[in-house]
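Please work through each task before reading its solution.

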Amino acid sequence: MNFVATFIRGSIDRVAGYLRGLLGRLWPGRTPHIDSVAPARTYPGSVVDIMGAGFTPTLDGNTVTIGGHPARVIRAATDTLQAIVSMDAQDGPITVDTGAAILLSPVDFRAEPYPLPDSGEDGPPAYFEGVPGLRQADVAPTGTRRVLLVLVHPTDVVPPDPAVARTAVETIWADVHTYYDQISFNDLDLRIELTSTWAALLKDRLYYIDPAATVENIKEAVLPQLWAEAVRIAAFDRKNPNDFDIMGVVIYLDGAFIRAWGGFAQQNFSYFDVATGTKINFTANHVINLLAIQESADWGRCAHEAGHCFVSAPSFRDGTIGTATLGEDVYESDLVDSGAATAREFDMMGSHDHHPLFSAYHMEKLGYYAPSEILELPWDRNEFSEDHDVVAHGLTKALAAGQYRLIKIKVADGLFYYVEVRQRPGTTTQIFDDNIPIGAGANQGGVIVTKVLMDTMNNNQQTRFITLLGNPSAVMTNGQSAIDPARTLNISVVNDNVTAQPQVCTVRVAWAQGIANDPAGAFDLSVEPWNSNYESPDIWVDRPPFGMFDNPIDAEGRPTGNGDKPKLMKINEFTTRVHNQGTVDAANVLVTFYAVTPVGVGDNGNWTPLQTVTIANVGKNSFVDAKTNWVPVVGQHSCLKVFVSPQLGEITGGNNSAQENVTEFEAASSIPEPQVVPVAVRNPREEATLVYVSLQNVPAGYAVQFPHQWMMMEPLEERIVELVVVPTLGIEAYESAGARPQGGRTERSAAVRVVGTIPRSYVEEETAGRVVGSRAFPIGGVLTRVTPKHHSEIKLKPDGRYDEKHPFLGVRGVVAPAKSGQAVTVYLTDPNGKERAAQVDTDTAGEFRALFDLTATPTLAARAWPPAGVALPAPSGEIAPVPGVYKAQAFLVNAADLAESASDIVPITKSF
C-alpha cells in the first residue's frame with residue numbers, strides 16, 4: 001500500500017512539474033522556463049548551452065535529460081546551464097528538472113549523423129570516462145608485447161577463401177615476429193594473434209579507400225572510424241583490446257596495394273551510425289598503439305609499421321629525454337635533396353621492403369645492445385687514435401673480450417657518429433639485412449658510419465636525421481674511410497675479415513684537432529626538449545618565496561615538472577638551463593623567453609616574446625641557468641618557450657629551443673567541479689591539413705570531453721576550443737586514493753594528455769617500384785593535471801607577540817577545513833611598496849604563523865627560520881626598518897588538499 005501511495009505521489013509531482021514548465025514557456029516572465037538550446041542539432045557527446053530562467057545555480061541542483069538520456073552539467077547559473085550530451089542520446093526532448101519544476105525545451109534534440117570521410121568536416125567529439133586499472137606506458141621495446149590483428153574487409157571485397165587468406169596473413173606476420181625476435185636477441189617477444197576470421201566492415205571499398213591518391217591509401221578522416229569498427233569486431237571475436245599493446249587492422253583488398261598507416265595511439269574508440277543504429281564507445285585501460293595495412297603487404301612493411309610503436313613513441317624508455325624520432329627521415333621521398341637519404345637501405349625506418357636491421361641509433365634507443373657493448377668516445381681537440389673490433393649483429397648475443405657492437409662518437413648533444421658492421425645472412429637463418437648494398441665486401445658485409453643530427457621539424461617535434469658518412473653506395477671495406485674534415489675525424493677499416501661469421505672488423509677512430517680557434521662545429525648549445533608529458537626538464541617556474549618548489553629536485557638540481565604552480569598576478573621567475581657541449585666556451589649567448597596562451601596542440605609560431613637576456617659565458621661541457629620575470633594573467637594558463645640564438649660555428653641550431661606546458665587545475669568542492677580548460681589547436685604547416693586529437697591517460701573516476709576527434713585546418717590556422725575534465729566521484733574517494741596510490745577505485749590526480757598528430761603521406765616513391773608508407777606525425781600536446789580538492793577559506797591576523805616597535809612582524813592564521821601540512825604563502829608589502837614573501841605549513845589544527853625580519857633587505861627569495869621551540873635569531877640589521885602601515889595577505893596555492901583561496905588584506909602599523 002505504501003508503495004502504491006508513493007508511486008501516485010511521485011506521478012502527481014512529475015505532472016505538476018511539467019505543468020509548471022509549460023506555464024514557464026507560455027508566460028516566461030513569471031515562472032522558470034527554457035528559452036533556447038544551442039546547438040539543438042549536434043553530435044552526441046557535444047557541449048550544449050541551455051538558456052532560460054529559474055535554474056538552480058549549483059551543478060547538482062539540476063537534472064538535465066537530452067534525447068532520452070541524462071546529460072552531465074558542467075556549468076550552472078540561474079539563467080544558463082552548460083551540459084554534455086550523452087553518447088547514447090537520440091532524437092528527443094530536452095528537459096531540466098530543478099527540483100521545483102520540470103522544464104521542457106521549445107525545441108527537441110536532433111542527433112547529427114557521423115561525418116562522411118570526404119565531407120571535409122571536423123570530427124565528432126571525444127567523450128568518455130576512464131576505466132579502472134589504468135596502465136601508464138608507451139609500448140616498451142622489450143618483454144612480451146601482444147599484437148592483435150583484426151581481419152576485416154569492405155562489404156564489396158570479400159575473400160573467396162577466408163581460411164587461405166587468413167593463413168597468408170599469419171605467415172607474413174610470423175616473419176615480423178621472427179624479425180623482432182632476432183634483432184632483440186630474444187628480448188622482445190612480439191606475440192601476434194589474429195581474429196578467427198574475416199569480418200565485414202560497415203561500408204564498401206570506396207568509403208574507406210581513396211582512389212584519387214597518387215598511390216591508394218585509407219582515407220585520413222576514416223581512420224578513427226576504422227579503429228572503432230576494429231574494436232567492435234575484436235569484441236565479437238572474444239578478444240579484449242585491453243589485453244594488447246598494439247592493434248593492427250588488416251584490410252582485405254584482394255591483392256590491391258595501399259600505403260598503410262602507422263604511428264597512431266588512442267585510449268577511446270567511438271563511432272555511431274544513425275542509419276544502422278550502430279554505436280561504438282570503448283575505453284581501454286591504456287593507450288593502444290595502432291596501425292592499418294592491407295592483407296598482401298610485404299612483411300618488411302608490416303615490421304616497419306609495428307616499429308612506429310617503438311621507435312616513434314614519445315618516451316619509450318624511462319628516464320630518456322628527446323627519444324622521439326621521425327622514422328621516415330631516412331626516406332628520400334619529398335626531400336629537397338633526395339641524395340641526402342643515404343642511410344635508407346640500412347634502416348627499417350627506410351627501405352622496409354628490403355628488410356634491413358634498424359640503424360645503430362635506433363638499436364641503442366631500443367635497448368637491444370647493452371651499455372657494455374657500446375664504446376662511447378667523446379670527441380675533443382686532443383690528438384686521438386684507437387683501433388677496436390666491431391661485430392656484426394648476427395644471431396649470437398655473446399661477444400668476446402674487447403669487442404663491441406657499436407662505436408658511438410659524441411661530438412656534442414646535437415651530433416653523434418655511430419660505427420657498426422652490417423652483414424647479409426649468408427647460410428644462416430638470419431631474416432634481416434638480406435638486401436643491404438655490400439659492393440665487393442668480404443663475407444657479404446662491412447662497416448658503415450651513420451651521422452645522427454638532432455634538428456627540429458614543425459617547430460616543436462624533436463627528431464633525428466640519420467645519414468651515412470663516407471661511401472654512400474655500400475658498406476666500407478679494407479682501406480676505406482669516412483671523414484669529417486671540420487673535426488679532422490677519420491674512421492677507417494683496418495681489417496674487414498677478423499672473423500667471417502658473424503663478421504668482425506677492426507676499425508680505427510682517429511682525430512687530431514691542431515687548428516687553433518677553429519669555429520667549425522667546436523661547440524653546441526642546447527636546451528633539453530620536452531618529454532612525453534610535454535614538460536622540459538630545462539624549463540621551470542619559481543613563485544615567491546623563490547627557491548622553494550612544489551615538486552622535488554632531480555639529480556641535476558632542477559625542479560621536476562613545472563617546478564611551481566605559478567601565482568597569478570604576481571612576479572614568478574621563468575627559468576631555463578642552457579647547456580654547452582664541445583671543446584670551447586660560448587660567449588654572449590642570447591636567450592629569448594616566450595609565452596603563448598592558452599596551451600595548445602601544435603605550433604604555428606604564434607609566440608609572444610617576454611624578454612631576451614644575455615649569458616656572458618657558458619663554459620665548455622657545462623651549463624648556465626637564465627631567468628626572466630613572468631606575471632601570468634588571472635585565469636589563463638600558458639605554454640612557455642625558450643630559444644637560444646644560434647652562434648657562428650655551432651654544430652646545430654635545431655636543439656636550441658624547448659617548451660613547457662604550464663597546466664595545473666584544482667577541482668574544488670565536496671562534489672568536485674568540472675574543469676574547463678582552453679586549448680589552442682594550431683596547424684604547424686603552411687598548407688591545409690587534418691589534425692587528429694587524442695585524449696589519453698584518463699583514469700577511472702574522471703570523464704573527459706573534447707569537441708572534435710579531428711579538425712580540418714587551414715594553413716597555420718589556430719583555433720581555441722575547450723577540454724573538459726570532470727571528476728565523477730566525491731572528494732573522499734580522491735583523498736583515499738592519495739593515501740592508497742593505485743589501490744582504490746580512482747587516482748588522486750588525473751594527468752590527462754591531449755595529443756596532436758597530423759597525417760604524413762609521402763608523394764614521391766622511395767625507389768622505383770618501392771612506395772613508402774604513411775604515418776601519424778606528432779605535433780605536440782598538452783598535459784593537464786586535475787586534482788580534486790576541498791573548497792577552502794583562509795583567515796589572517798597580526799601576531800600580538802610582536803608590538804609596533806618590534807623589528808619583527810608576525811602574522812598568524814587558520815585555514816578551513818582544518819588540514820595539516822597545507823602550504824601557505826604570505827606576502828608582506830612595506831610602506832614603500834617593497835614585497836617580502838614567506839611559505840609556511842599548517843599544523844594539525846589548520847593554523848599557521850609567519851614571521852618577517854623588517855631589518856632585512858626586502859626580497860621575494862625564501863628565508864630560513866628556525867622551527868617552533870627554537871630561539872629566534874637576532875635581527876639582521878641589514879637596513880633600518882621602515883615605519884608606517886604594512887599590508888599582509890595569505891594565499892593557498894597548490895596546497896595538498898585545499899583549493900586556492902586568499903585571505904583579506906591585513907594592515908599592520910609599525911612605529912620604530
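**Exercise 1.** Does Phe185 count as buried or exposed, and what is its relative accessibility?

Solution. The model is a predicted one. The relative accessibility of Phe185 is 9%. Buried means under 20% relative accessible area, so Phe185 counts as buried.

**Exercise 2.** Classify the aromatic pair of Phe185 and Tyr369, and state which parts of the chain the pair ties together.

Solution. The count of aromatic pairs comes to 20. For Phe185 and Tyr369, the centre-to-centre value is 6.5 Å and the angle between the planes is 45°. This angle makes the pair tilted, because stacked planes are under 30 degrees apart and edge-to-face planes over 60. Phe185 is in the loop between helix 2 (162-183) and strand 12 (188-194), while Tyr369 is in the loop between helix 6 (360-366) and strand 19 (374-378). The pair therefore ties together parts that are 184 residues apart in sequence. Tyr369 is buried, its relative accessible area being 6%.

**Exercise 3.** Determine the geometry of the pair Tyr827 and Phe891, and describe the surroundings of its rings.

Solution. The ring centres of Tyr827 and Phe891 are 5.6 Å apart and the planes stand at 85°, so the pair is edge-to-face. Tyr827 belongs to strand 48 (residues 823-829) and Phe891 to strand 51 (residues 884-892); the pair links distant parts of the chain, 64 residues apart. Tyr827 counts as buried at 3% relative accessibility, and Phe891 counts as buried at 8%. Over the face of Tyr827 lies Lys570, at 4.3 Å from the ring centre.

**Exercise 4.** Which residues form one aromatic cluster with Trp710?

Solution. The cluster is formed by Tyr43, Tyr114, Tyr271, Phe272 and Trp710.

Methods: Residues numbered from 1 in each chain as written. Predicted model: local features only at pLDDT ≥ 70, side-chain atom pairs only at ≥ 80, totals over all residues. Heavy atoms only, no water. Phe/Tyr/Trp six-rings, centres within 6.5 Å; stacked < 30°, edge-to-face > 60°. Helix = DSSP H or I, 4+ residues; strand = E, 2+ residues; numbered from the N terminus. Buried < 20%, exposed > 50% of the residue type's maximum accessible area, 1.4 Å probe, protein only. Lys NZ or Arg CZ within 6 Å of the ring centre and 35° of its normal.
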